[in-house]
Amino acid sequence: MSKFPEYKHDKSHEYFNRAIKVIPSGIYGHLGPGEGLWVPVSKWPFFSEKAQGTYFWDVDGNKYIDFMCAYGPNVLGYNDPDVDAAALKQLKLGNCTTSPSKVMVECAENLVDTIASADWAFFAKNGSDTTTLAVMAARAHTHKKKMFFLKGYYHGDFQWAQKVDYPGILPEDVANNVVVPWFNLQALEDAYNACDGDVAGLIAQPYDHGNFKDNEVASKEYWQAVRKFCDEKGMVLIFDDVRTGFRLDLQGSDHYYGIKADLICFCKALANGYNMSALCGGEHMKSTVSGITYTGSYWMSAVPFAASIACINKMKKLNTPKMFREMGTKLTDGFKAAAAEHGFDLVVSGEPALFYLRIANDDSLMLHQEWVAECVSRGLFLASHHNHFMNAAVTDDDIKKAIEIAEDAFGVVEKRHPELKG
Amino acid sequence: MTDSRTMAYVNLYAVLGTLENLCALDTKAKEILYELKKPVSICFDVKGGPTATIKFTCKGCRMEDGKQPHDILIPFSSCEKFNGMIDGTVTPIPVKGFTKIGFLLKTFVALTDRLTELLRPSEENLKDPAFFELSTVLTFYTIAVALAQIGNQDAVGRASASYMLDGDIAFLIKDGPAATLRVKDHRLLAIKKAPEKPRAIMQFDSLQLANDLFNGKVNAMECIGLGTVEIRGMLSMVDNMNRILDRVALYLA
């Protein structure tokens, strides 16, 4: 008998049925049922009503412990009082103004003081804005054409970052993308030679946190070797720290791996949900970026800058990377033990702050999908095939409850599959 | 953008290959074949493209890959010429089997005309529920085989296949036809029955929905949200299959 009753999602479905009439696919992107990979959709909430700390409530009033954190932005907890106070104070002063607010300068100075490889900061709204600027800057700086990507890459959804078989993408859009495998320096060398050296740079996430597969962390030795390779070839090394930024190391994930990237992209955890992103880089890249025509209507809005300053300062005070490592380890150790009690082999991979889960009892992932769905429909919000995110509002009691729900869900799936006992 | 070589593979294996299902499911096709006294085999041999042999008996037909024992041989000097035959702009000229020319002109043409009627249905015909069901089922089989051909031949389709893991994808219409898309080393094979142990599943919840999807009236992403398209298992395989599915519409347009 399940200790945690299953949620109902009647109002969510009502809203979704309205949404599908006026919004393409109802909820597009990773927050929606298609790209979010909700299997089956009946177990998931579509829309939220409110959020606080590490919890959100859906429109049916169901409460969730949320380890997706809006896919990253929620780093201190929803409605963090310090960040919200800073944002509201700035809102009263001005937000989207003809002359940018001075808080933009303060925000850039704060980033330069925080990020080890940063001598400057350029602001935008989304991660894609910064990865796109980084690739443009690499080409402008080197006057070379090709870009290297590491297999399983995700650097946003702009045309150049998609794949040739995606709807609306032309072969020409991605003709200069060269994909090389992770952790293989010889492959980098071979690819470089195959391009006759016409390579502007390498854009990469700090480690292989792709979907549908166990995440593979990198080593300092690997990144130091890649840094050396890029230096020797005159390639720009771009760290896409959009997902991992501020969760591994407040000084940047390149610092975590003992190197300095030429350019580093931030978004999600930058302002605890206030909409902004930043490209940071070394002094040697500043004049190149100065010469690029690139801006947007809301990119210099002041409220997110104020939120970012408060967010970063609070993360420093709390030492959130250490906190996330400890909490993520405690949580996933609990999940693994609960899985084992019910005969499931739960594989935990990636960094504890961004843990990735996979039940390895079958190679189709169907058992894993069943378990995740039973967790979600009992109030523990996980994703089937995406890394998760820790936030600073998580308490020991939250972790305890999350493990209890996870165990309950394992029990439900175990009961449904007597064949697993052999 | 389509290429004529991939189109030839789609036309031969997916379109003409659906004659197998037509002869098994359609009363009119069965009546056409009923008069066949002896088995007849036709080999379509496309230079620079596919080769397959279709064996007809009074009970049905079966396509086999490659040049098998045959009564009639129809060579094509190019993929474009073969595609022209399917479009009706090129008249096929057999080089072997002149004594069976009657089968070619009468029985084979009658069957392909019937197939065309069902795969390119008029709005009027689709109002008949039985016709609608048969048309949708045959379209389903055509699409299933076209998926494999496009994944193996088309440049963009091959890119999608290059991301696919080994295993069987169940491609299904609930309470209706089923197919397997088998992936091995990024090569695809369509089998016109459900897999025993699928690694991934994509199921449409009705013939009507499948028909609407095939005709571009609705999008799979919308249907996933509504729960009318069920996906499970190794979803990266389904995702990439869905990308190839997008290209099927181009080739079967």
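Tutor: Start with Asp26(B), which is buried, with a relative accessible area of 3%. Keep in mind that this is a predicted model.

Student: What does Asp26(B) form a salt bridge with?

Tutor: Asp26(B) forms a salt bridge with Arg114(B). The closest N and O atoms are 2.7 Å apart. The pair links distant parts of the chain, 88 residues apart. Asp26(B) sits in the loop between H2 and helix H3 (27-34) of chain B, and Arg114(B) sits in helix H5 of chain B.

Student: Is Arg114(B) buried or exposed?

Tutor: Buried. Arg114(B) has 9% relative accessibility, and the cut-off is under 20%, so Arg114(B) counts as buried.

Student: And Lys127(B) with Glu124(B), are they buried or exposed?

Tutor: Lys127(B) is exposed, and so is Glu124(B). They form a salt bridge too, with the closest N and O atoms 3.3 Å apart.

Student: Why do Lys43(A) and Glu374(A) count as buried?

Tutor: Because buried means under 20% relative accessible area. Lys43(A) is at 13%. Glu374(A) is at 1%.

Student: Which residues are linked with Lys43(A) and Glu374(A) in a network of salt bridges?

Tutor: The network also holds Glu6(A), Glu370(A), Arg378(A), Asp408(A) and Arg416(A).

Student: New topic. How is chain B divided?

Tutor: Into domain 1 (4-120) and domain 2 (124-252). Their centres, taken over C-alpha atoms, are 24 Å apart. The contact takes 20 residues from domain 1 of chain B and 18 residues from domain 2 of chain B.

Student: What area do domain 1 and domain 2 of chain B bury between them?

Tutor: About 1,700 Å², with 66% of it on carbon and sulfur atoms. On the domain 1 side, Thr6(B), Val10(B) and Leu118(B) supply 31% of the area buried against domain 2 of chain B. That is more than any other three residues.

Student: What about salt bridges and polar contacts there?

Tutor: Between domain 1 and domain 2 of chain B the count is 1 salt bridge. The side chains of Lys192(B) and Glu20(B) meet in a salt bridge at 3.1 Å, N to O. Across the interface of the two domains of chain B there are 7 residue pairs in polar contact.

Student: Which helices supply at least two residues of the domain 1 side?

Tutor: Helix H1 (4-15), helix H2 (19-25) and helix H5 (101-119) of chain B each do. H1(B) gives the most, with 8 residues. By class, that side of domain 1 of chain B has 10 nonpolar, 4 polar and 6 charged residues.

Student: Now the two chains. How many residues of chain B are in contact with chain A?

Tutor: 24 residues of chain B are in contact with 24 residues of chain A. The chains bury about 2,000 Å² between them, 69% of it on carbon and sulfur atoms. Met221(B), Leu235(B) and Arg243(B) supply 24% of the area that chain B buries against chain A, more than any other three residues.

Student: How many salt bridges are found across the interface of chain B and chain A?

Tutor: The rule finds 1 salt bridge there. Arg199(B) forms a salt bridge with Asp363(A), with the closest N and O atoms 3.6 Å apart. Across the same interface of chain B and chain A, 4 residue pairs are in polar contact. Several elements of chain B each supply at least two residues of the side touching chain A, including helix H8 (155-162) and helix H11 (235-252). That side of chain B has 13 nonpolar, 6 polar and 5 charged residues.

Student: Last one. Where is Thr142(A) found?

Tutor: In helix H4 (residues 127-142) of chain A. Thr142(A) counts as buried, at 15% relative accessibility. A polar atom of the Thr142(A) side chain lies 2.7 Å from the backbone oxygen of Ala138(A). The side chain of Thr142(A) also reaches the backbone nitrogen of Lys144(A) at 3.2 Å. Leaving aside neighbours within four places in sequence, Thr142(A) is in contact with Ala200(A), Gly234(A) and Val236(A).

Conventions. Residues are numbered from 1 along each chain as its sequence is written. Chains are lettered from A and ligands numbered from 1 in the order in which they are written. This is a predicted model: local features need pLDDT of at least 70, side-chain atom pairs count only at pLDDT 80 or more; totals for chains, interfaces and linings use all residues. Side-chain values use heavy atoms; hydrogens and water are left out. Domain bounds come from an automatic or database domain assignment. Contact means heavy atoms within 4.5 Å. Buried area is the accessible area (1.4 Å probe) that two parts lose on being put together, summed over both. A salt bridge is a side-chain nitrogen of Lys or Arg within 4 Å of a carboxyl oxygen of Asp or Glu. A polar contact is a pair of N or O atoms within 3.5 Å; within protein, one must be able to donate a hydrogen and the other to accept it, and residues adjacent in sequence count only if both atoms are side-chain atoms. Helices (H or I, at least four residues) and strands (E, at least two) are DSSP runs, numbered from the N terminus. Ala, Val, Leu, Ile, Met, Phe, Trp, Tyr, Cys and Pro count as nonpolar, Asp, Glu, Lys and Arg as charged, and the others, Gly among them, as polar. Buried means under 20% relative accessible area, exposed over 50%, partly exposed in between (1.4 Å probe, protein chains only).
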